[in-house]
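Let's take a walk through this model together, starting with the ligand and then moving on to a pair of helices. Keep the 3D view open as you read.

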Amino acid sequence: MTEKLLQELKEYDAAGKDIKTLYTEISELCMKYIAPEKREGRTAYYLSIEYLMGRMFHNNLLELGVLEEAEKILSEKGVNISDFEEIEDAALGNGGLGRLAACFLDSAAGCGYPLDGYGIRYKYGLFKQKFENGEQAESADDWLIWGDPWSVRRENEKRVVHFADMDVTAVPYDMPIVGKSVNTLRLFAAEGSEQAQKICEYLYPADDTEEGKLLRIRQEYFLSAAAIGELAERYVEKHGRNFNEFAKYHSLQLNDTHAVMSVAEFIRLLTKNYGVSFARALDIAKRTFNYTNHTILPEALECWNYALMEKILPEIAEVFKTIQIYAEREWKRKKCSKEEIAAMSVLHGESLSMANAAVYVGEKVNGVAAIHSELVKRNLFPVAYKYYPDKFQNVTNGITQRRWLMLCNRELSALLDSKLTSAWREDMTRLETLDTTDTAEFIAVKAEKKKQLAEYILRHDGIQLLDGAIVYAQVKRLHEYKRQLMTAFAILRIYYDLKDGKLPDFRPSVFLFGAKAASGYFRAKGIIKYLNEIARLVNNDEQTNKLLQVVFVQNYNVSYAEKIVAGADVSLQVSTAGFEASGTGNMKFMLNGAVTCGTMDGANIEIVEHAGKDNNYIFGASVEEIERLKDTYDPNEILSQNPDLKRVAETLTDGTFSDGGKGYFKELYSSLTVGAHWHKPDHYFIFRDLPEYVDSLISVNRDYGNKAAFAKKQMENTAHAAFFSSDRAIADYARKIWNIEKA
Ligand code: NBG
């Protein structure tokens, strides 16, 4: 097959065609050789409202095993496939949750597991970001202007989704996921009236207005009804109308709570259309659905107002209410107290808890890193854990080495091939035999990737990186708990120390940021502005600017990440312990040979377990310490005792920087020193961890002086990254949760 494909590429006429035509035609040519698997046996389905796929072109050629040859053939025709890097990412996701879904699809296909995905084909993906005067400016991400040659519209498989006030047509677009098996990501586009089309217009519309909430409910139901309708119909075609064996052939994974309505839709459909009793339908659902929790932040746990849902989905609301009745009977039989029942309730007063519904119905409930799964049991669903301990599982996240090493770091991959043979590509545990004392070539690769990163940044952001500097990178969504603000303070501490002559041996360092702030998130936007103001100050100071540089790149996305994780030396993962469920960027950096400078949070804990504490830079309060500290913590006392900290914190208010009259900086300062009606001052414990953070950053800087020793630490991280491959994560899901076999 690959021979034929390569032959066709050789015969392809590229003359005089523009980049979009080339991209479309070559992609379509490849698509002819990709045939999705027909589903026969037990299959798992991933139900997710986000998929952050990134660019498909290079990845698919890699998975087809023709990347290098195709590249050669095309370059002889004058087509440089790196030009296709100008093509928009398929950014149908916000961050880690959506990117995880993409990695899982990749690994399942890569390993030959029967896993298909269902999602929404948004017309506009995650907004594009620019900085105007240091502030985030957003514009629509019109990714489809490039066409979508990697998807196939299935006109004859469309179906109608009913709401009380309108009908919407769900038209599937299938994106083949290429690997050992070819799996399918099926994304539904909403068609029909103008209002119907709105459902798939934007990813995550604002949900702070009633209109926004309704739209969100519509999106969730749209995905759920389209997916469940289709699965039920296919089942009936094959097995008839008796649903007793449905759970034997299907395992449905709810990626967070966004598709929990599919549980209600499943029960609704079986009871209304197929004459199954409610009790029986609920029982089948309980053996079919599983739920992954991705955060313990209360604001992210979805609750819907019953009346609101009833307005557009009366039957679905009714099903949730009935689930509550059945659940209560079960809980009373188990002799749960009133309080316990309230804690587990699906319907509580007027509020429908999607998480409680998922926990009650889900056969398995998992967190995404060891510590997070513990917190899910202990803090989030303690009562459910008491009565259903066997439901609760952990599956630590993973990332695909195909995109995050083989594709984004072909130089390091080649080096590993030369040392270990290419067997590591399929069996990452082979990396453990890497001789990490042999550092010279690794150092050369890192330098090359840093050079490529510098070129990319120059091209995209017009910023020249400090030559030969240590690259510290913090790239992720902008959120207070991720503490980009703490890094800002740490940089200022270093800056003032440099100016005061207190850091005589400091080596040139770049602090590299990439992050988008949710459009309604005032503080996150303030932090972006603050970092850009710090960049302006630091980068223009002749006294320090050969030693310290701050760079915030615009429009951080999957494609940017591919450059950054390969070129960085230090991965900054500094969330408040207990708040980052897992993190997956941390794994990408590790795999590419960066040390982690971070807190004992999320998967950092496991990274350090595997790669060694001595090969990373861990600081800050642990989860237990934060829990102990919580009630008595007084940031103002810390500030009053530490003039250095006070000096940097006060740059928010003392006129050092201007936020152009927007009030960002004053509000940030008051969030740290006064608090707000919904939280105590400094509720992410920045001042608790900041001094240790600064020390860690300086230790990294010092250790970097011994190039070989530092490179050894970096290589130790690569060598112990096997556990963080999503091949491992998928195998865990397959075994612990889905009960599926490789083809
Ligand atoms: C995010 C967590 C990350 C985690 C990803 C993937 C949500 C709701 N959660 O820590 O914040 O790595 O999920 O599991 O986006």
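**Around the ligand**

Start at Asn 397, where a polar side-chain atom sits 2.8 Å from an oxygen atom of the ligand. Bear in mind as you look that this is a predicted model. With Gly 583 the backbone takes part: one of its polar backbone atoms lies 2.8 Å from an oxygen atom of the ligand. On its own the ligand has 380 Å² of accessible area, and the protein covers 84% of that.

Now widen the view to the residues around the ligand, 14 in number, of which His 294, Asn 397, Glu 580, Ser 582 and Gly 583 come nearest. Sorted by class, this shell holds seven polar, five nonpolar and two charged residues.

Next, turn to two helices, H19 (residues 440-461) and H30 (residues 707-719), whose axes come within 9 Å and cross at roughly 80 degrees. An angle from 65 to 115 degrees counts as roughly perpendicular, so that is how H19 and H30 are placed relative to each other. On the H19 side, Phe 442, Ile 443 and Lys 446 make the contact, while H30 brings Lys 707, Ala 708, Ala 711, Gln 714 and Met 715. By class, the residues of this contact between H19 and H30 are five nonpolar, two charged and one polar.

Key
Residues are numbered from 1 along each chain as its sequence is written. This is a predicted model: local features need pLDDT of at least 70, side-chain atom pairs count only at pLDDT 80 or more; totals for chains, interfaces and linings use all residues. Side-chain values use heavy atoms; hydrogens and water are left out. A residue is near a molecule or strand if one of its heavy atoms lies within 4 Å of it. A polar contact is a pair of N or O atoms within 3.5 Å; within protein, one must be able to donate a hydrogen and the other to accept it, and residues adjacent in sequence count only if both atoms are side-chain atoms. Accessible areas come from the Shrake-Rupley method with a 1.4 Å probe; for residues, only the protein chains shown count as cover. Ala, Val, Leu, Ile, Met, Phe, Trp, Tyr, Cys and Pro count as nonpolar, Asp, Glu, Lys and Arg as charged, and the others, Gly among them, as polar. Axes are lines fitted to C-alpha atoms, for helices over the stretch in contact, and angles run from 0 to 180 degrees between N-to-C directions. Helices (H or I, at least four residues) and strands (E, at least two) are DSSP runs, numbered from the N terminus. Angles under 35 degrees count as roughly parallel, over 145 as roughly antiparallel, 65 to 115 as roughly perpendicular and the rest as oblique. Contact means heavy atoms within 4.5 Å.
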